[in-house]
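I'm opening my notebook on this one and jotting down what I look up as I go. Here is what I'm working from.

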Amino acid sequence: MRALSQRSVAEAEAEAAGETRARRVMLVDDHPMWLEALSDELEADGFMIVATAQTGREALTRARATKPEVMVVDLQIPEPDGATCIEILLKEFPAMLVLVLSASGERDDVLRAIKAGAKGYLLKSAPPEELLEGVRRTAEGDAVFTPGLAGLVLGEFRRMVTRAEAHNDMGPALTSREIEVLRLVAKGLAYREIADRLVVSHRTVQNHVQNVLRKLQLHNRVELALYAIEQGYHEAEE
Amino acid sequence: MDLLAPLFRVYAALRVLLAVATVGLNLTRLATVARPGWMVGLTVVVLVWAIVGAVVLLRPSHRRTSTFAVDLGMTVVLALSSVWVIGYAAPPTVVAFSAAATPVGVSLWRGWRWGLGASLCVGLVGAIATWGSAPSTWPRLLVFVGACSSVGLVTSQLRQTLSEREQMYAVAAAMGERQRLARVVHDGVLQVLAMVEREGRSLGPRGTWLAHQAHQQEVALRTLLQDTSIDGPHDIVDETHANLSVLLDRHASVNVTVSTPAGAVLVETQRAREIDAAVSEALTNVARHAGPSAQAWVLLEREGGDILVSIRDNGVGADPQAFDEAVSRGRMGTRQSILGRLRDLGGSATMHTAPGRGVEWEFRVPVEE
């Protein structure tokens, strides 16, 4: 009851402030205690939990039924795993804002989810305020980066550039500024600190990070398409 | 699981082939035997019996002592009938080539000792049935016995190898299953630790302490999991190369965040250890001088043929001049030690610091592919 009244108050406030952030959230986590804790916190913050799911299968059907604006997904869930769910759902609902949460931080899965179009990644052990802030920023369409994720993405770009050079085609190029920003994120600097160091605005830093993500996702699609064409070409040859 | 299935399929074909050859042989000598009518009849029996035996023995449950005893008995009876049907001492017997069928089958089934017994039995009966034949045909008996029983030697060996392989598969499968279960359990533990860490902070000083403990265990377990997953990265890839990612990951703790690319960063083992040692030294310095609440971040990158490692902390920092003065007074500081290590590797290290701004190291080491 309390949570409900709290929520309506928060909602009313949000409406009064004319806020435009997405509020319909779906949570995917196989641990009930996490679902409960996250639901409470997000509802208290004015979000509306439209669905929860504990397995990949549930996540797919419920997301299709409720069409949430924001999805918070744990990667370690029963079949199909979180990264696969994200890949499938973002193909169907490209506008969905996805934040990845994970307890174990399996690198390849995290990278897969980000390449598929997730907006960001946080470790589950992050303090509640940080988690909440992460969901808020995701809901506003911003990228949420941890130092670990920045390191992963940097590595991935370097790999793609090397590959592109080997194939003699135009690879995904980051500007030197984008690389600089990404490296600072990976070295643990907050956006505010990065902005100070590079003498630019907080928003500019945010935009750089956003661009990096967009390029990564775009190039992922290009790579997939190229791969498909190559496969098709080989099949046609045979 | 029928380990011998492929062998018995070949055996079935061989058995029928031997019978067909026997039919051919018996037809060509039809004119020379005492009772041609009986010869034709018994040759048909040999062929039918060979086919029946081949089909029956395809099934593992039919490979019993009684089956082989009946088969052996039939061969012996047919061989002995030669005395009356052929009527003179000229090998081979009515069963001719098919005489080998039973001993080879027994060899496949029970190994060379049983094969030897069966082939001796069939061979001797054949010798008796064609008693008085020319001495030049006797060595055939020896070849016959040797060939039939040595088939058993091969199958014994094969059977052992196959069962060992089966056992290895079983062990590997069990290990895989254990790994899978361990992942599930570990994930549960990680979830609970993360929860304790989250909620603990709001429960006062004891809760904060609890959260701290939970975080330490969480980091330790996560590092262990990334380190030991069955097909995941290992630090030593082969004799000569190590995965620097995994080496550096070991430094992750409550106060240290390590960021690495996905996939292995292979570096020659000795170089990897040196780089790791330099990182260790920098981090020890953070723990000693940066202040109790300082956090450190390690970033590993690969840029063309170079390895880049950055180590940054948000601690108290230092006046860069203090470092140089320490050196001029003859004290070899950490800084000199790290610079020395990097120089020995043909790389370079730069350091930036200022009071209140933490310390930032950047190592650049060339590595060959």
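This is a predicted model: local features need pLDDT of at least 70, side-chain atom pairs count only at pLDDT 80 or more; totals for chains, interfaces and linings use all residues.

I started with a pair of residues facing each other across two strands. A:Leu101 has A:Leu122 as its bridge partner in E5(A).

Strand E4 of chain A, residues 97-102, runs parallel to E5(A), and the two share 4 bridges.

Then I zoomed out to the whole sheet. It's an open sheet of 5 strands in chain A, ordered E2-E1-E3-E4-E5, and the pairing is parallel. Which strands stand at the edges? I found strand E2 (48-53) and strand E5 (120-123) of chain A there; each has a single partner strand, so one side of each is left without a neighbour in the sheet.

Helix H2 of chain A (residues 32-44) lies across E1 (24-28), E2 and E3 (70-74) of chain A, at about 165 degrees to E2(A). Helix H3 of chain A (residues 56-66) lies across E1, E2 and E3 of chain A too, at about 150 degrees to E2(A).

Last entry: where the chains meet. I noted 25 residues of chain B in contact with 27 residues of chain A. Which element gives the largest share of chain B's side? That's H7(B), with 7 residues. Sorted by class, chain B's side touching chain A has 10 charged, 8 nonpolar and 7 polar residues.

Terms used:
Residues are numbered from 1 along each chain as its sequence is written. Chains are lettered from A and ligands numbered from 1 in the order in which they are written. Two residues are in contact if their C-beta atoms, placed from the backbone, lie within 7 Å. Ala, Val, Leu, Ile, Met, Phe, Trp, Tyr, Cys and Pro count as nonpolar, Asp, Glu, Lys and Arg as charged, and the others, Gly among them, as polar. Two strands pair if DSSP finds at least two bridges between them. Axes are lines fitted to C-alpha atoms, for helices over the stretch in contact, and angles run from 0 to 180 degrees between N-to-C directions.
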